[in-house]
Structures are given as structure tokens and as C-alpha cells.
Amino acid sequence: MEAPSTQSPYLVVIVNKENPVKTLPVAEVRRIFMKQSRMWSNAEPMVPVDWDSTAAIRDVFSRQVLNRSVREMAEYWVQQSMTQGLSPPSTQRSARAVLRFVASVPGAISYVSPGDVDETVAVIKITGLK
Amino acid sequence: MTRIFFLVPVMALAAGVGPAWAQGNEMATLRAEIAKQEVVISQLLRRIEALEKQQPPSTTAAVQDLQGDIKAQEDSINSLREVVNSKVNLNGYYNFRFSADGSEEPAAFQQHHLGVIMAKQLGKFNFLMELELQNVPHHPEIAPEGGEEGEGEAGHEDTDLSGEGQVAVENAWMEYNHNGYVGLRVGKQLSPQYWWQNHYPNLTLSTTIPIYLRELFPAELVGVMFQGNAARPVGNSELGFGYKFYVANNNFEGNSQSDLSDAKSWGARGQVRFPASGAVRRIDVAADIYRGKVGLTDNTLAEDNVFGFESQIEISSFLFQTEWARGKSLEQTRTGFYLQPAWRIDEDWITFYRAEQLESPRIQRAERRHIVGLNYRPYPQIALKGELYRSQPLERDFLHSEEGGAEAKPFNGFATAAVFFF
């Protein structure tokens, strides 16, 4: 039986450098981006940052990690707005903007292409990714 | 006994809130961070201004990059401000319906629902309020001998004297989430069963709620609810458990501010989310129980015990939902269920079928209904629905009352609705 990989060739998950977390199961990343988990172990509020809905990387992340299409996630957020009063994660349009956001906000978590990562953020390993 | 119910949430809240000086330090740090970020934004704006003055085409990309930087910086400030001050989310929904069928009810346009939802998150605290205008009363009273009601969609038209609908506070609750395992919600809230939680017109495929729904679990509760969940990763999925336990006023009209008994109603719910992967996207099952009292038309209370089961299963583009419940009060047993398979044809189109049934001596109603429908959803916020339904009266002993009455006949119907979420 093949062991689940820890990284996708298309994207890496990044967090603020102050975040002590080094590894997360894919199910936990899903919960964070669906706002079902709220606080990091260091008591910082989790701030997921998504890409604009037209970005190709958003489609990959949505299907691979969230197990839903971008459209289905939009429907999920309509449901969450009505039943829990929650709003979807804020969005950015470029890797540069995503990196800047994650570097600025202690509890931020997002994703970029492997080639776009720089030293301003920390990459975390995702376990259980198909 | 009554005092204990008030003390429990107060003590739980007191235990979860940190000292004021610690929060003050945190706020000061966040405010300093916001001030720092604002300086960065003004520097970026000055750089854009300088680049725009240079004008050569090669600077266009640089300007776009900087504009992206500014948006990211502004968003990060807003994110920090949300931690300090939070913001109010304002949403709502609108539902316009038309139905015509072979029953005694005339065909009618219905301004069916109009709701406004306001919500705010502040750290571990949440608040949500929903005002709803709808054309059916919220708390139908039950006739003690069970003979007066039973006509129409919800089986309680007798209590809607105006016919013009009413404005109701459907939700008004405050929530404290200590962590994922323990949370407390106080106030007026929807019952925890799946359909009640998701009964909003843009979340459902049909234009009406299942016929049994108002006859089993109460729609809303006014009280305190403990809730939480835990999950364990399994492959790329997880095995999850959730629980809810609540203590609330008994179920009668006007229970938002008073009760007719010191003994409160209570209920509990347990939910299991099984690991799902590949084409299997969701397997949720849950069981619910409710013990309380229901208001009668003579302003007295009768014991009411209800239990039920439900499941939501999603495989590829198929979704299968079912709920079943049984209740007992006034020595009468009532049951109801629905089974609803649905198929997502593509992103915009969904078709569904629902079989549903209600058997209730207390409102003298025994009916099975079949619905076939189609939803067109050009945007996640808009739903245009059409459906055909057939109502079949069921032959049951409890329907043969001494007074006799008009014999129910099967009929066919058609309904359509337009829904907008904002």
C-alpha cells in the first residue's frame, strides 16, 4: 500500500514565521479553510487566506485539499453565512500579495506554488494528501 | 432547580474568559501592529505615485504588483482589526413562491420568506440574529382533543388570524467556543436537527419543508445549549464526533420570555462523521432526543417525547438525505419521515425526488407526498425552483372520529419559487 504523500507538486501550504506548527494533517487544513477550527496551539486566531476564485491554484487547492470545487465552496459559504454567521476567507490575487499577507498576520495560513515561496513565510508539511 | 440552569452558563462563561489586563495588553499590541501596517501602506502608495510619474510601459507591471501589495497590506490590517474590533456580517434571503394544486386551497402567489441575518465574531464569542417575515405562525398550538387542525401546508392555519404573516425573531443567540470540544450557546436558536438547521430557502431544493417537520421536534428552542466535536484524521479524511445537549423553555407560543412550568424541556444530539474519500464525499449520521412539554390551546402543557435519526450521504454528484422521527404526547404516537435523493446534473442544475410521510392523530392528518423537482442555480446565491407533487391521504384508524368529517382526497400540485441570498 502506497503511503500518502506529504506535499503536492502544485502547491505548498505556508504560515507566518512565528507559527510553531510544522506539520498538519490534510483534514485539519480543510477544517481551517472551512473555519471549523479557530485557534492555533499558540492561541493565535487562525486566519486562512484564499486566492481569487478565478486563480488556477485555487481550483487545485479546492479539489485536492478541500475535496470540493470552487463553486461548491461558494455554496458552502452561503450555508455558513446563514447558519453560523461566518464569512469566507479573504482572498488575494497574486503570490506576492499572499506572501505579504501571511508575513504580516501572525495567525495567517495560505498556499502558493512551490516556486513562489520566499524567506518571509514558513512552509508546513501536509500529511495524508493524495 | 430553575436557578441551577441559570448558574451553569454563567459559571461556564466566567471560567472561559481571560483576565482583563491580559486582554488589554493584547489589544495594545494589535493596535501597534495596525499602526505599523498603516505606515507600510502609505510608503507603498508613495512608491506607486513615483512610478506613475515615470510613465514608461515597463513600469506598468511594477505598478500592478504594488497595487497587489497594497491590497494585501490593507487586508492584513482589516484582519488585525477584526481581532480587535470585529465587524458585523449582514446577510439575508428573499423567497417568492407560487403554488397551485387540487386541494381546497386556492392557487396563490406567496411572499414566502424575507429574512435578515446579522452576525459578529469577537475572539471566541459569536453572536447571530435573524429577523424573518413569513406567512405562517411560528408556534402552532395543538388542540387537546386533536380535532380542529390539520389542513394546509403546516397544518395550523387556524392560529394565523391575520393571514398577512408576521415578523419573528427566529434566531438570537450568543455563543462562546472555549475550544472545539466545548462551547456554549445561549438564546433563541433553531433545533439541532439537519433540516431545521438548514431550512432556509436557498439551502433546500424543494419550495416547502417536509410535511412531518413541524409535527415532531420543536422548530426552535429558548435556552442554553452545550456543544462540541472531536475528530481524528483517517487517511485524507477524518472520523468525527459531535454532540449537543440543551435545556430550554417548554414548547408553546410566547416561550421566549416565560414558561408555564419550572420543569424545563431538554434534548440531546449525537452525530458521527465517517471517513470519506474518493467518490464518497460525506457520510454523516445522527440521533436526536427531546423531552419536554407542548402547549395546548387551553393554556396547559402536555408531556411530549420525541426521538429521531437522520443521515446525509454524498457520493460523487449524488446526495441522499433522510430523517425519521417519532413523538408521543396525549397518549398518541405520531411519526414522520422523508427520503430525498438528489443528483447534481452540472454546476447550475440539480434535480431531486422526495418521498415524505406524516401520521399524526393529534392534528388528524395522515398523508404521503411525492415531490419531483428541478433547481436552476446560476449563482450560488440564486435558486430558481420548480416542482410537481402528489398528495395521497393514508387510511388510518385515528382519522375516523365520531363527528365524522370531509374525507381527504388525493391531489396533484405544482409549485415554483425564486430565491435570492444577499
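Three bridges join strand β3 (residues 47-51) of chain A to β4(A), and the two run parallel. Across this pairing, W51(A) faces Q92(A) in β4(A). Strands pair if DSSP finds at least two bridges between them. Helices (H or I, at least four residues) and strands (E, at least two) are DSSP runs, numbered from the N terminus.

This is a predicted model: local features need pLDDT of at least 70, side-chain atom pairs count only at pLDDT 80 or more, and totals for chains, interfaces and linings use all residues. Residues are numbered from 1 along each chain as its sequence is written, while chains are lettered from A and ligands numbered from 1 in the order in which they are written.

**The sheet of chain A**

The sheet is open, with six strands in the order β2-β6-β1-β5-β3-β4 (chain A) and mixed pairing. β2 (23-25) and β4 of chain A are the edge strands; each has a single partner strand, so one side of each lacks a neighbour in the sheet. On average, neighbouring strands are turned by 40 degrees against each other, direction ignored. Axes here are lines fitted to C-alpha atoms, for helices over the stretch in contact, and angles run from 0 to 180 degrees between N-to-C directions.

α1(A) packs on this sheet and touches β1 (12-16), β2, β3, β5 (108-112) and β6 (121-127) of chain A. Its direction makes about 85 degrees with that of β2(A). α4(A) lies across β1, β3, β4, β5 and β6 of chain A and runs at about 155 degrees to β5(A). Nine of the ten residues of α4(A) are buried. Among them are L99(A), R100(A) and F101(A). Buried means that 20 or more other C-beta atoms, placed from the backbone, lie within 10 Å of the residue's own.

**Where A meets B**

In all, 32 residues of chain A are in contact with 37 residues of chain B. Contact means C-beta atoms, placed from the backbone, within 7 Å. On the chain A side, the elements giving two or more residues are α1 (26-33), α3 (70-83), β4 (90-92) and α4 (95-104). α3(A) gives the most, with eight residues. By class, this side has 13 nonpolar, twelve polar and seven charged residues. Nonpolar covers Ala, Val, Leu, Ile, Met, Phe, Trp, Tyr, Cys and Pro; charged covers Asp, Glu, Lys and Arg; the others, Gly among them, are polar.

α3(A) has 14 residues and reaches 20 Å from first C-alpha to last, close to the 20 Å expected at 1.5 Å a residue. The expected span is 1.5 Å times one less than the number of residues. Its buried residues are M73(A), V78(A), S81(A) and M82(A). They pack against α2 (56-66) of chain A, and also against β1 (88-101), β2 (108-122) and β16 (411-421) of chain B. After α3(A) comes G85(A), with a positive phi near 75 degrees.

**Chain B**

Chain B has four helices and 16 strands. Of its 422 residues, 31% are buried. Two antiparallel pairings share β14(B), which spans residues 365-379.

| Strand pair | Bridges | Opposite residues | Residues between strands |
|---|---|---|---|
| β13(B) (349-360) and β14(B) | twelve bridges | E359(B) and A366(B) | four residues |

Terms used. Two residues are in contact if their C-beta atoms, placed from the backbone, lie within 7 Å. A residue is buried if 20 or more other C-beta atoms lie within 10 Å of its own, exposed if 12 or fewer, and partly exposed in between; C-beta atoms are placed from the backbone.
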